[in-house]
Amino acid sequence: MPYKSFIHKMDPRQKIIALILLMVAIFMPLTNFTSSFIVSGTIFVFLLVIMFLAHVSLLNLLKSLRALWFLIIFLMLINIFIPISGTNHPAFNIGDFTVYWDSILQSLKIVLRLFMMIQVTMILTSTTKPLDLTYGLEWYMTPLKLVKFPAHEIAMVISIALRFVPTLLDEADRIMKAQASRGVDFKHGSIKMKFKSVIALIIPLFVSSFQRSEELANAMEARNYDPRAKRSRYHVLKYHFKDLFSFLVCGAIMGFIIYLSVANIDILGVFGVINAW
């Protein structure tokens with residue numbers, strides 16, 4: 001997204017490491033559900049503030065969750081029908097089967113973590129140009145060049161993949177409309193008919209993808225692109241104070257949550273001690 005926010009101007013290397021630090025903080029196990037929801041809720045609000053500062057649309061985030069509804073429902077069913085050990089707080093009964101509060105809270109915790117994971121990755125991809133992301137990934141993989149690892153090639157492949165995701169989505173939408181105008185129904189019919197409809201979408205999409213990849217390869221060859229040659233850069237990455245500040249904030253968040261996890265600290269218990277004092 002073409003904005004000039006504080007997040008957009010940050011070094012891509014710092015944004016990558018910030019993503020890793022926040023991912024660790026999001027998925028650290030805590031003592032109980034209360035502590036997990038307090039910490040997760042705090043991180044969720046923090047990420048919402050970052051999204052607001054970076055002009056990342058909340059509507060786009062909700063649209064991104066549509067593809068995960070099946071996974072979310074599946075995980076909730078697994079947690080409900082295969083309860084975790086030690087559950088002893090029944091919520092309600094479905095016939096002879098008992099649904100426990102622990103299973104419901106565990107499902108909600110997983111859903112919240114998935115939501116925050118998408119938040120973090122969307123902030124990165126919405127505020128970082130693919131070329132800058134390539135530079136950042138290549139910089140982190142530079143030590144691997146000592147063992148002849150193709151760092152530049154791998155970074156370029158990742159960058160191209162990220163660049164073509166929205167293009168392929170637009171292409172898929174165009175093909176769906178073209179096939180629908182020819183009588184293909186993607187929403188109704190039996191499973192067999194839907195399977196045929198999906199094939200009518202996938203085959204043209206694959207053909208179009210191969211054509212685009214061939215055109216891209218020809219364009220790169222015409223410009224004498226050589227991944228093994230020594231290359232200069234128009235845009236040189238530089239670390240600034242705002243990048244150091246971001247690193248310290250994300251590192252402090254991760255370190256504090258790791259401390260809560262390792263020390264098995266109950267946050268409500270800490271608040272109770274503070275209130276009593």
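Helix α7 covers residues 151-181, which makes 31 residues in this predicted model. From its first C-alpha to its last, α7 reaches 45 Å, close to the 45 Å expected at 1.5 Å a residue. Still, α7 has a bend of about 35 degrees, and you will find it at valine 165. A proline follows within four residues of that point, namely proline 166.

Which residues of α7 are buried? They are Ala151, His152, Ala155, Met156, Ser159, Thr167, Glu171, Ala172, Ile175 and Gln179. The cover over these buried residues includes two other helices, α6 (130-140) and α8 (191-222).

Now to the empty space in the model. Rolling a probe the size of a water molecule over the atoms shows where such space is left. The count comes to one cavity of 30 Å³ or more.

| Space | Volume | Lining by class | Helix giving the most |
|---|---|---|---|
| Largest cavity | about 40 Å³ | seven nonpolar, two polar and one charged residue | α2, four residues |
| Largest pocket | about 1500 Å³ | 20 nonpolar, 11 polar and 11 charged residues | α5, six residues |

The largest share comes from α2. Seven of the lining residues are nonpolar, and one is charged.

The largest pocket holds about 1500 Å³ of space, and 42 residues line it. Which of the lining residues lie nearest the centre of the largest pocket? Met1, Thr125, Ser126, Thr127 and Thr128 do.

Several helices take part in the lining of the largest pocket: α1, α3 (58-64), α5 (101-127), α6, α7 and α9 (241-262) each supply at least two residues. This brings us back to α7, which is one of those helices. The helix α6 is another of them, and α6 is also part of what covers the buried residues of α7.

Notes: Residues numbered from 1 in each chain as written. Predicted model: local features only at pLDDT ≥ 70, side-chain atom pairs only at ≥ 80, totals over all residues. Heavy atoms only, no water. Expected span 1.5 Å × (residues − 1). Bend = angle between axes of the 7 residues up to and from the residue. Buried < 20%, exposed > 50% of the residue type's maximum accessible area, 1.4 Å probe, protein only. Contact = heavy atoms within 4.5 Å. 1 Å grid on protein atoms, 1.4 Å probe; cavity = no way out; pocket = protein on both sides within 12 Å on 5 of 7 lines; lining within 4 Å. Points joined across faces, edges and corners; volume = space filled by probe spheres on them. Nonpolar A, V, L, I, M, F, W, Y, C, P; charged D, E, K, R; others polar.
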